Amino acid sequence: MKEEFSEYTRKFAEYKGITWDRMPDIELYMDQVVTFLDRQLSIYKLGEDDKIVTPSMINNYTKDGVVPRAESKKYSREHIALILMVVSLKKVLSMPDLSNLLHGFEINKDEKIEQFYNKFLEYQKNAISKSTLEIKKFLEKSSDEDQSGENVLKDLALELSVQSHINCVLAEHILNIVSKTSGSK
């Protein structure tokens, strides 16, 4: 079990995200967006049949006002960047919080979606690096202790879950303060 997780962690540590210049520079139809993102985000899949993004999800992001409507049923690089960030962050932020976060750059005209997306990639890269280093240390430390592989992985899952929860609560409070200050909610 620990070996399987160590192998996944190694692959995950190598994940760089989809850089702006690797995104399609032509507009795509919905099915092309779904296929593109499904391939690019395969590291997030738990199983081969998992779907990272579906047309229904994208339609819901549009209905919730998180992602702008496609123009003539075509999605631009900017749409794809926003969808990618929503897919990546939806487990930790509500749709209203995502809307608040991802629409802030539209109000501030000097920060473009590309700049915001590049910042997202930088933070993601740093978080992956930090987390995989902490996981490696945790697994090394636990190999010195007399625990089964299952217990070690459950302890690690608990620690990561608690960290995620605390970070999520802090992010929600930050966005709440921002929305009260800007009156965007």
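Trainee: Which residues does Asp38 touch, leaving out those up to four places away in sequence?
Mentor: Asp38 touches Lys45, Asp50, Lys51 and Ile52, where a contact means heavy atoms within 4.5 Å. This is a predicted model, in which local features need pLDDT of at least 70 and side-chain atom pairs count only at pLDDT 80 or more, while totals for chains, interfaces and linings use all residues. Numbering starts from 1 along each chain as its sequence is written, and side-chain values use heavy atoms, with hydrogens and water left out.

Trainee: And where does Asp38 sit?
Mentor: Asp38 is in helix 2, residues 30-40, helices being DSSP runs of H or I with at least four residues and strands runs of E with at least two, numbered from the N terminus.

Trainee: Is Asp38 buried or exposed?
Mentor: Asp38 counts as buried because its relative accessibility is 15%, the cut-off for buried being under 20% relative accessible area with a 1.4 Å probe and protein chains only, against over 50% for exposed and in between for partly exposed.

Trainee: OK, zooming out, how many helices and strands are there?
Mentor: The protein has seven helices and two strands, and from the N terminus on the order is α-β-α-α-β-α-α-α-α.

Trainee: What about its dimensions?
Mentor: The C-alpha trace spans about 60 × 40 × 25 Å along its principal axes, and of the 185 residues in the protein, 35% are buried.

Trainee: What share of contacts with a separation of 6 or more joins residues 24 or more positions apart?
Mentor: Such residues account for 67% of those contacts.
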